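Please keep the structure open while reading.

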Amino acid sequence: MTFRLTCPVCGKRDVYEFTFGGQERGPRPEQDGLSAEEHFRWTQFRLIPNEPQEEWWYHGQGCGVWFRTTRDPGTNREVR
Amino acid sequence: MSRLRPGETCRVDFSRPLEFSFLGREMTGYAGDTVASALYGAGVRIFGRSLKYHRPRGLYSMEGESANTFMSIDGVPNECAETTELRAGMAIEPQNVRGDPGRDRFGFLDAFDRLMPAGFYYHLFHRPYALWPLFQSGLRRMAGTGVLDPGAEYRNGVRTERYLNADVAVIGGGPAGMAAALAAGESGLRVCLFERRGRLGGQMTWRVRDFEGEPLYRRAGALAARVRAAENVNVFTRSPVTGVWGENLVTGFAVGTEDDPFRECHWECRATTVVVAAGCMDRPLVFNHNDRPGVMQVGTAWRLARTYGVRPGKSVAFSVADDLGLEAAIDLDDMGVRIRFIADARESGQQGPEVFDALCDRAIPFFPGCAVSRAVGRKRVRGCVLRSLKGGRSRRFRCDLLVANAGMQPRIGILATAKARLAYCTHTHGYQPTELPPGVFVAGSMTGLRDPRSIEASGRVAGYGVAEWCGGRLKSVAGARAPAREAEALPGPGAGCGIIHAPAIGRGAKAFVDLDEDGTYKNVKESIARGLDVPELAKRFAGFGLGPGQYRVAGQNLAMIMADLRGDPVETAHPTTVRPPLGAPSLATLAGPGHDVHKRTPLHSELAGRGAVFRRAGAWQRARHFGDDPSCRDEIRNVRTNVGVLDSSPLGKFRIHGPDALNALQRVYMSDMSKARPGRCKYSAMCNDMGQLMDDGVVVAEGPGDYYFTTSSARAGDTVEWFRFHTRHDDWDYNLVNLTDVLGSLNIAGPNARRVLERLTRDNVSNQAFPYLACRRITVGDGVEARCLRLGFVGELSFELHAPASYVPYLWDLVMEAGADFGIRPFGLEAQNCLRAEKGHVIIGMESEQRVTLTDIGMGWMWDREDTVSKKVGAPALRACDRQPGRLNLVGLRVEEGAKAPRDGTLVVDGDKIVGYVCTTRSSDTLGWQYGLALVHREHAFPGRRIHLCHEEAPGQRVTSTAFVMSPHFYDPRGERLRS
Ligand SMILES: [Zn+2]
């Protein structure tokens, strides 16, 4: 498996340079009155869509930025 | 044995003989030979024995498509004789054979084929199960290919890797590939051209047919010279491609010659576009006894004669299915090889009347609509049976070589790895791409083109297509369109033959679909009879196209034969999935050169000078201990009673500053970080979302919105990622600077630590002015400013100096000089590990793991549970686990006097239940007994509890001993020594 991602700072780079940060699942929920189930839903629960999804990537071997991109897990390609 | 003199097409230099040995017999080949051509030239006809039936096998392909000619060369098994270039002094042994392959003692197995139907190992041998090891070892001895010597060193020669970047990767250095490379290069693109053979030109290098007034091989030479001279075309020969991957990453390897600095080099080329011009290979003709030594592909016989000057046989029968086969036969006849007859599976459709004229001139019998149906002879071909495809008449001929194929088929492996959609084309009778991935182009004979001009033109079209794709500047639009128009005027793809197998197949004889795995036509039928009637199932059941033959010879034929047997049209046939690598790099190459990329602390040479034994710890080489006592008793005692110094430079060191720096700290640290004060170390820890301890360290405020903090050495590399990840939605304004490598540090620890420090600085470091957990900037020696942190990880009075890395060796010298009177000595990681464990201080990954939270290991006190506003990472999980039963807790253990000493990892048991394990355990001189830190289930985690440790001496042999639970703070539980 190999593909490329577009870092907003550095441009298109090999996926080897990045770390996956999971699906975008919205900001960290408010903790006041947060039930355990809601918390685990936010941290653990993942959808497995057969369509492009928004996800986080970290350019660890490059500029060190976390960025969001839309990628199709079926083809591994970014979509824009 | 005398060689032919084929003239300019010859690659062999007869003036440079090379001596080698085969089965201990001395033989001679020539520079330019492959192992296979040299063996064949020296008269060897039986190259090995087949996998299952131990049938004699000879030279079948010249391109590494058959595993039957794998040899052990200089002790390295499974070397491909067909493609490995001969070197002087090679010691070559055949495989899967006892002694001479002509007289193999397992040869009788061929007669017992009824006991070995398709998939026989799946339904025999496994009952009774106890006998399986016996069967297994027997089968292993009789079947298989090369034998590995477990004691041998196979990582011979230099293995390197190379990472390339190109606008265009052209795969295949034949006429189409070269034309594509030239066209793309002229358009200003950066081109990498990969050719698996030693030189450019493809099949044109051995063809003498006329091409616009000169022989084809000269045309190939002229093109190659232009490619070599082209400025932006990089040519890689002896470089097979192993696959094309996502977004056109091309991988492969280069085989070094004696002039290269490497033996084999793995390369990867990230290309914007790819031109696949991989050419064609012979499609095997499946007929009875088609595996006999003396049956070979058209290209094999032709190249033996034209490229290597080896006479392939004395009396040669040809059974072919395309014009290239006819051309080969006529050419061999011209070289003085007697052609017994030519059978052409096609009734008609041969191109041009000159072929028939040539056959008449040479008086070669020609049989259209016929194919060879059987090879005669056991260890050597002695004749063959020719049969009409319409059935009925057959005729027997004598010959000593049978050249047979069912026409040519495209090499589609590369397209398959690139995930191109392929379909059987009923015009060319080969698999053709119907949909190509973005940026992938196809050119040359693999598209079905046969006319050399068309092949070259298709390369030019691809080259300009690539340029257009890349947005390159074409000389003119008209110029770019010209090759397409020119190509259209030339002959298109020729009609293929579509013969699936020879007539009268089976009938009590073996007809091999897969030579490598001994898969026969009968096995295909057996597989279908058992309901495994699609290629993917038959492949797994009967082994077609497994092992080294993945997708080479068997893949396409198997699919066609199965469709035929099922009565389906051939275009419904789907070949089995391609498994990379398409070529065979050696494992040593894939293992890589074995770089040990590590960091050294600024004190590396000082430590080495004092006898440090280094160990890899994360990214660093660190001193494990000094001298030759791995238990470090003296180092430990010296810290406890006197003073020691530790190189703690790998410790993570960071600065965070900005208006939202505190917000970020509050998010990731469990404590209330607003309490971080200037001049004071605030100890805290980070958790992940599951409440597991990830990191610990101290934070010091250095100004408004400005903090200095430390992390554990192991986490230093991930800290920036961690902070930014957990604040990614917040749009906070802070800067995080990793100072780990910029600052070195050393830790002076022990009761005499202050007295040593006093000699280095004029600053007041007394207990009143510089209490426990204070952090000061002090001036050391000749004015070096250092952060000094009074911490106590090892449980003694200690001062940690953080200073610019380049000053740290100077500080080290000062400390050693100042401490000399006390007998200061360095200590290493193991001493630190024992010292901190005696104190009950946790190391992440040793006493904490996935199943335990911060609270479980007794550090829950630091968690600011009132704070919900900062949304601390891990807080909800800690809350959820608070009163959860069945959790593991960290405890101290005192091992019973005289009991068997546990080791790190020893299990804690309750009856036959595992209730925990010992994380770290040592026999302590300080305490006078063996202690341990253990994670045990909560119901056992209270002081005074007697628990059982289970030692496994050998598999199945268990001994238990007892220990008592106590607080993990074995040493100085009230922390008086830290504060002294
Ligand atoms: Zn970047």
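## Backbone exceptions in chain B

In this predicted model, B:K419 is exposed, because its relative accessibility of 72% lies over the 50% cut-off. The residue sits in the loop between α9 (413–417) and β26 (421–425) of chain B. Its phi is positive, at about 65 degrees, although B:K419 is not a glycine. Most residues other than glycine have a negative phi, and most peptide bonds are trans.

B:H429 also has a positive phi without being glycine, here near 55 degrees. This residue is found in the loop between β26 and β27 (430–435) of chain B. B:H429 is buried, because its relative accessible area of 16% is under 20%. A further exception concerns the peptide bond from B:P580 to B:P581, which is cis, with omega near 0 degrees. B:P581 belongs to the loop between α14 (554–566) and α15 (587–591) of chain B.

## The zinc site in chain A

Which residues coordinate the zinc ion? The donors are A:C7 (SG), A:C10 (SG), A:H59 (ND1) and A:C63 (SG), at 2.0 to 2.3 Å. The spacing of these donor residues along the sequence is C-x2-C-x48-H-x3-C. Two of them, A:C7 and A:C63, are 56 residues apart and link distant parts of the chain. A:C7 is in strand β1 (residues 4–7) of chain A, and A:C63 is in the loop between β4 (53–58) and β5 (66–71) of chain A.

Why is the arrangement called tetrahedral? The 4 donor atoms subtend angles of 104 to 120 degrees around the zinc ion, and the arrangement therefore falls within the limits of 85 and 135 degrees set for all angles of a tetrahedral site. Ideal angles for four tetrahedral donors are 109.5 degrees. As for accessibility, A:C7 is buried, with a relative accessible area of 2%, whereas A:C63 is partly exposed at 33%.

## Helix packing in chain B

Two packed helices are described by the angle between their axes and the distance between the axes. For helix α4 (residues 175–186) and helix α10 (residues 452–469) of chain B, the angle is about 35 degrees and the axes are 7 Å apart. Their crossing is right-handed. From α4(B), the contact includes B:A176, B:A179, B:A180, B:A183 and B:A184, and from α10(B) it includes B:G459, B:G463 and B:Y464. By class, the residues of this contact are 8 nonpolar, 3 polar and 3 charged.

Helix α7 (residues 323–334) and helix α8 (residues 354–362) of chain B have axes that come within 11 Å and cross at roughly 30 degrees. This crossing is left-handed. On the α7(B) side the contact is formed by B:L326, B:I330, B:D333 and B:D334, and on the α8(B) side by B:V355, B:A358, B:L359 and B:R362. These residues comprise 5 nonpolar and 3 charged, with no polar ones.

## An enclosed helix and a loop residue

Is helix α19 (residues 719–726) of chain B largely enclosed or open? The helix is largely enclosed by the rest of the structure, because 7 of its 8 residues are buried. Among them are B:W722, B:F723 and B:F725, along with B:E721 and B:H726.

B:V208 lies in the loop between β9 (191–194) and β10 (210–211) of chain B. B:V208 is partly exposed, at 30% relative accessible area. Leaving aside residues up to four places away in sequence, B:V208 touches B:T9, B:P215, B:L216, B:Y217, B:R306 and B:D331.

Chain B contains 24 helices and 50 strands. Its C-alpha trace spans about 115 × 75 × 55 Å along the principal axes. Of its 980 residues, 59% count as buried. Among its contacts with a separation of 6 or more, 66% are between residues 24 or more positions apart.

Chain A has 1 helix and 5 strands, running β-β-β-α-β-β from the N terminus on. The C-alpha trace of chain A spans about 40 × 30 × 20 Å along its principal axes. Of the 80 residues of chain A, 40% count as buried. Of the contacts in chain A between residues at least 6 apart in sequence, 49% join residues at least 24 apart.

Methods
Residues numbered from 1 in each chain as written. Chains lettered and ligands numbered in written order. Predicted model: local features only at pLDDT ≥ 70, side-chain atom pairs only at ≥ 80, totals over all residues. Heavy atoms only, no water. Axes fitted to C-alpha atoms, helices over the stretch in contact; angles between N-to-C directions. Helix = DSSP H or I, 4+ residues; strand = E, 2+ residues; numbered from the N terminus. Left-handed = near helix turned anticlockwise from the far one by under 90°. Contact = heavy atoms within 4.5 Å. Nonpolar A, V, L, I, M, F, W, Y, C, P; charged D, E, K, R; others polar. Donors = N, O, S within 2.8 Å, 3.2 Å for Na, K, Ca; no water. Tetrahedral: all angles 85-135°; square planar, octahedral: opposite > 155°, others 65-115°. Buried < 20%, exposed > 50% of the residue type's maximum accessible area, 1.4 Å probe, protein only.
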